[in-house]
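Here's a quick briefing to read with the model open beside you. Have a look around first, then come back for the highlights.

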Amino acid sequence: MNTALLLARSAFWRTIRSRVVVGYGVGIAGIVAAFSSFGGDPSKVTLTLVSLLLLIVPLVTLIIVAIEYYNNREFTELMLAQPIGRRAYYWGQWTGTIAALGVMCIVPLTAGYAVWQNYDVVLVETTALVLTLCFGALAYRVAVGQPDKAKGIGIAMLVWFYCAVLYDAVLVAMMALLEEYPLEKALLVLLALNPIDAIRVAVLLHSDSAALLGITGAVLREFFGTERSLVAIAVVVSIWIGYPLLRGERIFRRRDF
Amino acid sequence: MKGRFALAFVLAWSAASGDVLRVCPQCELRRVADAVAHAVPGDTIVVESGTYPTSHIVIDKPLTILGKGRPVLDGGGTGTVIEIRGAGAHVQNIVVANTGYSALEDRAGIKLIESTGSSISDVETVGCAFGVALYRSPSCRVENVRAIGTGAVESQSGNGIHLWKSRSCAIVRCEVMQHRDGLYFEFSSGCTIAECISRDNMRYGLHFMFSDSNIYRKNRFERNGSGVAVMYSQHVQMVSNVFADNWGPSSYGLLLKDISRSVVEGNIFRRNTVGVYMEGSNQTTITANVFRSNGWALKALGSCSEDTLVGNDFFANTFDVLSNTSFSELVCNGNYWDQYRGYDLDRDGIGDVPYRPVSVFSILVERVPMAVLLLRSFIVELLAYMERAIPSLIPAQLVDRHPRLAPIATPAVADSVLAGDPYQQLPVRRASWMER
């Protein structure tokens, strides 16, 4: 356990010193400054920030985490030659990298709130953190499973494109074409199958637009009318974090370096 | 001050035209009904403070009932407490309580039947199925009445202030809550409803049908089960009202069904699922209103024709305008839209690029309600931009050719609306460009 913590600490400092990661933090600070300093309506600033984070955080997290993994290949091989458990190494590396990226989200968002105070800081930061965890896990699953760096990063970008753009496009097309059919339950399942959608719906439930769900059919209203919905979303998102990580760990333990 | 003024008025009145009968728990006349039986037309009955168990007082002559120290007339759940028949009766400064509910009759705190020119003022009705109910009673005045309903289920309660076939009445500064419908008018034309508050009612804050030429000014309708629904009337004026916090699957800030040649002007619609919902309405003007933080600011179905939407302010609504047909006769001009992304090169305050307030996603949501779960998805925003650039699904002629770049409401009002104060009344102001 101690080894894992030590490894996490070293991974954290290594990641947070990286120029790309610092640039990521500065970029988020820039976005916060741009939208907060206009002064607008707090609920609107919150929703704008969340919309942007839903796009940017998954992309950046996927790519940085994957690149970090590939760049450390030699360090990994060196460490694994020592009497260090693979499990401890895997979790330590992942935790350290994710913690660094998480800090790069939280610091600018907190600072922006301290200066302008015109968005729901808890909601925005929770969204950013959950997205980081989720896509950090997916990135590890992709990178561990694909020895080739170029291919791995390509797959990571495809994962982002699929979750952020393609999936919703297919859903929109499906709803437009199949509007005659009772798709409500199917839609619930389909939304859970994309982490970005699951998190976006959780944010919708929290913001004023939640009342808009009043117009949807009985199934959705019954589902989203209660606290149960948030619990369900939390469970879905935990699966999205846990399953890829555990799969990745399994592959990592068996890999022949 | 008000009480003293009223007393002076009554003394002057009684000196001119009648005696004063006093009712109090220790007096010769202990019951209001006894005093009514003794009184001759023109008399004043002064009811001292105290609680009077009462059942169904019928006032069939022009009397004035004046409370001193807010006496309580308690119906004990047995039925209508005061029933006025005939012209010129006045009830002032009393509390009427507890009618109970019956499915067979409309039980009211104060019921006026075929009474002309009567007035009810400074009255409170508590736990009554109907608060004040007027039947075939024209030219009456209901002022400063506070009606608190039973809060029972919708099917077992009545309306706060209920008018049936009562023309030219005035309902002023009343507050109605926890009734079925707050204010209800049927076949009651030419009435004025001003400065009333109707909130937390089970069904509608205001509900009228077949009531032409009514004027609604400076009222507040908040948190009612289904908002406000007005139907089958014409020449209605709704000016400077606030419609707020009506959330729900079939809840509207203001539902206009078959309303024609009417004016909706200078109102504030705030945090409603649908700000204004129009169905079969024609030649109605919607102008100088502020729509803020609604799900849909305005829904106009294809059955509407020749309506105008001019000079309104739209802030922070999820969807601005929705029409369910690709052809819409809604004339839309000179509004302020906070989602407008155009420019103004000649700096005349009017955007050079037309604004299309209907987004393709809102059309999808109208057809497939569950699609709302894709709100704020990247692809949906992308679709909206594309559709605004090259419209194919959205009604091409529903377009604001002169969108304003700044809100039209006076800056102070716009600020207070932005700062979240829905109660600031909007002064009605016609901008000069609206005359063109």
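A pocket here means an open set of grid points where a 1.4 Å probe fits, with protein on both sides within 12 Å along at least five of seven lines. Keep in mind that this is a predicted model. By that definition, the largest pocket comes out at about 1300 Å³.

**The largest pocket**
- Its lining takes in 47 residues, and the ones nearest the centre are B:Gln339, B:Arg341, B:Arg376, B:Glu381 and B:Tyr385.

**A greasy patch on chain A**
- A:Leu158, A:Phe161, A:Tyr162, A:Leu166 and A:Val170 make up a nonpolar surface patch of about 480 Å².
- If you want to find A:Val170, look in helix α7 of chain A, which covers residues 149–177.

**Salt bridges**
- Over all chains, the count is 24 salt bridges.
- One of them pairs the side chains of B:Arg367 and A:Glu179, at 2.6 Å from N to O.
- That pair crosses between chains: B:Arg367 sits in helix α3 (residues 360–367) of chain B, while A:Glu179 is in the loop between α7 and α8 (184–192) of chain A.

**The disulfide**
- Searching the whole structure turns up one disulfide over all chains.
- B:Cys24 and B:Cys27 are the partners, with their sulfurs 1.9 Å apart.
- The link of B:Cys24 and B:Cys27 is right-handed, with 95 degrees about the S-S bond.

How values were computed:
Residues are numbered from 1 along each chain as its sequence is written. Chains are lettered from A and ligands numbered from 1 in the order in which they are written. This is a predicted model: local features need pLDDT of at least 70, side-chain atom pairs count only at pLDDT 80 or more; totals for chains, interfaces and linings use all residues. Side-chain values use heavy atoms; hydrogens and water are left out. Patches are made of residues with over 30% relative accessible area and no salt bridge: like charges are joined within 9 Å, nonpolar side chains (Val, Leu, Ile, Met, Phe, Trp, Tyr) within 5 Å. Accessible areas come from the Shrake-Rupley method with a 1.4 Å probe; for residues, only the protein chains shown count as cover. A salt bridge is a side-chain nitrogen of Lys or Arg within 4 Å of a carboxyl oxygen of Asp or Glu. Helices (H or I, at least four residues) and strands (E, at least two) are DSSP runs, numbered from the N terminus. On a 1 Å grid over the protein atoms alone, a cavity is a set of points where a 1.4 Å probe fits but cannot get out, and a pocket is an open set with protein on both sides within 12 Å along at least five of seven lines; lining residues have an atom within 4 Å of a point. Grid points are joined across faces, edges and corners, and a volume is the space filled by probe spheres set on the points. A disulfide is a pair of cysteine sulfur atoms within 2.5 Å.
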